[in-house]
Amino acid sequence: MSCTPERLTELLEWFHSHPELAYEERETTAKIREVLEGAGIPVLCSGLETGLIAVIEGGRPGPVIGLRADIDALPVQEESGLPYASCYPGRMHACGHDFHTVMLLGAALMLKERQAELPGTVKLIFQPAEEIDSGARKVIATGLLEDCRLFLAGHTYPQFEAGTVGIKEGPVMAAVDRFEVIIRGLGCHAGQPAKGVDPIVVQAAIVQSLQTVVSRNMDPFTPRVISITHVEAGTTWNVIPETARLEGTVRTLNAQQRALAEERFRSLVTGIAAAYGAEADIRWTHGSGAVINDEKLCILARETAREMGLTVDRQEDTMGGEDFSCYLENRPGLFVRVGTGGGWPGHHPKFNVDPAALEPAARFFATLAHKCLMETPA
Ligand code: NI
């Protein structure tokens with residue numbers, strides 16, 4: 001099966017109109033399998049219920065590398081007006097994971113054509129459930145990626161037009177931690193506050209003080225964010241409640257700042273609660289780490305893009321998260337921003353991509369993968 005721009009556009013239209021949420025990507029997985037097997041690319045037996053890993057073994061000996069695409073959609077009602085908009089109410093490929101899927105299928109078809117000359121093996125990772133920060137761990141747990149020496153991935157980027165790629169050394173996506181605090185006071189009559197311990201006053205003091213973690217404790221030259229996004233307490237106007245609750249997220253770009261943020265958070269919350277005679281339970285969830293791009297891979301990727309006539313731009317840091325970082329915990333890797341135009345930001349109901357971006361993006365990843373095989377010692 002040849003990999004023409006028309007074929008890629010057709011596939012994009014199919015995946016775009018059939019979005020499936022995290023761990024429900026059954027039709028998506030079946031379609032990916034159909035395209036791969038139709039091209040003679042074997043799918044490995046992974047035990048994954050959704051998502052899959054396929055392999056192209058080169059004709060010459062060499063290293064193994066991993067190319068990863070995420071395949072899940074979002075619970076968003078599509079308003080793009082596209083003729084191939086989502087068939088399903090309340091579900092949409094609003095982050096371009098349909099584009100990632102087709103980009104990797106395209107790269108796979110191109111690599112398959114030059115299989116005999118490839119000095120090594122490429123594993124094609126179609127990962128479920130990126131949006132809930134969970135799929136990467138599941139894929140890694142199959143054990144099928146142990147032999148991968150490095151990982152490559154790309155993400156749609158509406159700020160760049162088709163034919164542009166964003167490449168930057170070092171951290172490009174944030175570590176995402178999540179917290180919940182339950183403040184336990186002592187409920188009482190609103191007219192007799194001295195008989196209780198008001199958890200709302202404690203909650204307010206905590207909300208105010210937590211911003212000093214980013215403004216007073218952490219390195220001002222390092223991007224970092226604390227956002228409190230959910231506060232809850234009480235049920236009526238004349239009762240001081242027993243408990244108050246808050247939730248939010250901490251975003252950091254390196255391990256040291258990440259640990260510092262958590263440590264300062266815990267001591268402020270515990271200390272403030274104690275000072276007011278209340279208690280605070282902290283539930284801290286460590287999400288995926290920061291995505292940190294390998295320097296040598298950046299150089300190779302820039303060179304590849306320029307040789308192909310693509311425009312190379314600088315990738316901006318974002319404080320968004322990406323579970324691609326899980327693959328990079330002990331291997332080098334590269335996360336590239338792929339220009340897809342369209343004008344609307346990711347997760348917006350009008351998000352769309354320029355199909356003209358598909359072929360160059362697929363060709364870029366196929367060429368870069370080939371180069372990585374040549375440059376990585378076996
Ligand atoms: Ni995404």
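Strands here (E, at least two residues) and helices (H or I, at least four) are DSSP runs numbered from the N terminus, and two strands pair if DSSP finds at least two bridges between them. What you have is a predicted model, in which local features need pLDDT of at least 70 and side-chain atom pairs count only at pLDDT 80 or more, while totals for chains, interfaces and linings use all residues. Residues are numbered from 1 along each chain as its sequence is written, and side-chain values use heavy atoms, with hydrogens and water left out.

**The sheet and what packs on it**

- β2 and β4 run parallel and are joined by four bridges.
- Across that pair, G66 stands opposite F151 in β4.

**The nickel site**

- The nickel ion is coordinated by C95 (SG), H97 (NE2) and H155 (NE2), at 2.2 to 2.3 Å.
- Along the chain, its donors follow the spacing C-x1-H-x57-H.
- C95 sits in the loop between β2 (60–70) and α3 (97–113) and H155 in strand β4, so this pair ties together parts that are 60 residues apart in sequence.
- Donors are N, O and S atoms within 2.8 Å of the metal (3.2 Å for Na, K and Ca), and since water is not among the atoms, sites may look incomplete.
- C95 counts as buried because its relative accessibility is 10%, and H155 does so at 11%.
- The cut-offs are under 20% relative accessible area for buried, over 50% for exposed, and partly exposed in between (1.4 Å probe, protein chains only).

**Helix α7**

- Helix α7 (residues 295–307) has 13 residues and reaches 19 Å from its first C-alpha to its last, close to the 18 Å expected at 1.5 Å a residue; that expected span is 1.5 Å times one less than the number of residues.
- Its buried residues are L297, C298, L300, A301, R302, T304 and A305.
- Among the elements covering those buried residues are β4 (148–157), β15 (333–339) and α8 (358–375).
- At the start of α7, a side-chain oxygen of D294 comes to within 3.2 Å of the backbone nitrogen of K296.
- After α7 comes G309, with a positive phi near 80°.

**T252**

- T252 is found in strand β11 (residues 243–252).
- With 1% relative accessibility, T252 counts as buried.

**The whole protein**

- The protein has eight helices and 15 strands.
- Of its 378 residues, 53% count as buried.
- The C-alpha trace spans about 80 × 45 × 40 Å along its principal axes.
- Among contacts between residues at least 6 apart in sequence, 82% join residues at least 24 apart.

Key:
Contact means heavy atoms within 4.5 Å. A polar contact is a pair of N or O atoms within 3.5 Å; within protein, one must be able to donate a hydrogen and the other to accept it, and residues adjacent in sequence count only if both atoms are side-chain atoms.
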